[in-house]
Amino acid sequence: MAGYRLYWRPGTGSMVVEAALRMIGAEFERIQIDKEAALSTPRFLALNPAGKVPVLALPSGQVITESVAILLALDETFPEARLLPQHGSPARNVAVQWLIFMTANIYPDALRYYHPERYGDATSEAAIKLQAGGDMDRDFAQLASAIRGPFLMGSRMTITDVYAAMLADWHAPARALPKIAALTAAVLENAAVAEAWRNHEFGA
Ligand SMILES: N[C@@H](CCC(=O)N[C@@H](CS)C(=O)NCC(=O)O)C(=O)O
């Protein structure tokens, strides 16, 4: 049976999936989508009709998209890797809550910030970017207020922390928040995460 196949691009949300695969110790092949145009080829759209990375093909042949769905699937398959706290625990509810908060709020904020042209015409781009930046500031402040330190849940790192550090790398004001800065530094002490971070050219 083939291993995992991760479709990825530098600087994107596939970083957290590579980090998870490395934390698990799973065998995987990295398939780089080298040009943005390659995301809209029929071949890639057959994998993800949304034309986005990350995409993870499982050893079974099933293909999963959406970063948080991929992380939850990996956690289900490898509970011993403790990507997330134990099933049924209050800590898990908190960790999943903030994962969903980030994917539903901060990630789309960042997409609006970096691609304002997709959300309006040329005359409104500056306003869209300004609003998106402000929304990121607000959403990161909410996240930071929930961080116990150095990680969200205290002393134990979860994949939620890696997700937070990844999104903060896209937004300088977030990295200036002391709790986010401390969380990022702590996350990067993990060798598996640090390798995925480097491979994806984060922290540049
Ligand atoms: N909700 C998706 C968002 C994925 C996403 O927007 N990925 C970006 C890179 S960070 C992408 O592939 N964008 C290409 C494009 O929109 O053309 C997820 O969590 O996986």
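I started with strand E1, residues 4–8, in this predicted model. Four of its five residues are buried, so the rest of the structure largely encloses E1.

Next I looked up E1's partners. Strand E2 (residues 28–32) runs parallel to E1, and five bridges join the two. I found Tyr4 standing opposite Phe28 of E2. Then I followed the chain from E1 through helix H1 (residues 14–24) to E2, and these three make a right-handed β-α-β unit.

E1 also pairs with strand E3 (residues 55–57), this time in the antiparallel sense, over three bridges. I checked Leu6 here: its bridge partner in E3 is Leu56.

On to the nonpolar cores. How many residues does the largest one have? I got 57, and Leu74 and Tyr163 are those with the most contacts inside it. I listed the elements giving two or more residues to this core: E1 and H1, plus helices H3 (67–77), H4 (90–114), H5 (125–146), H6 (159–168), H8 (178–187) and H9 (191–199). Where does this core lie relative to domain 1 (4–81) and domain 2 (90–190)? Both domains give residues to it, so the core lies between them.

I then took a closer look at Tyr163. Skipping its neighbours within four places in sequence, I found it in contact with Val16, Ser67, Val68, Leu71, Leu99, Met102, Thr103 and Tyr107.

Last entry: there is another core, apart from the largest one, with seven residues. Among them I noted Leu39, Val53, Val55 and Ala57.

Note on methods: Residues are numbered from 1 along each chain as its sequence is written. This is a predicted model: local features need pLDDT of at least 70, side-chain atom pairs count only at pLDDT 80 or more; totals for chains, interfaces and linings use all residues. Side-chain values use heavy atoms; hydrogens and water are left out. Buried means under 20% relative accessible area, exposed over 50%, partly exposed in between (1.4 Å probe, protein chains only). Two strands pair if DSSP finds at least two bridges between them. A crossover is right-handed if, with the strands pointing away from the viewer, the path from the first strand over the helix to the second runs clockwise. A nonpolar core is a set of buried Ala, Val, Leu, Ile, Met, Phe, Trp, Tyr and Cys residues joined through side-chain atoms within 4.5 Å. Domain bounds come from an automatic or database domain assignment. Contact means heavy atoms within 4.5 Å.
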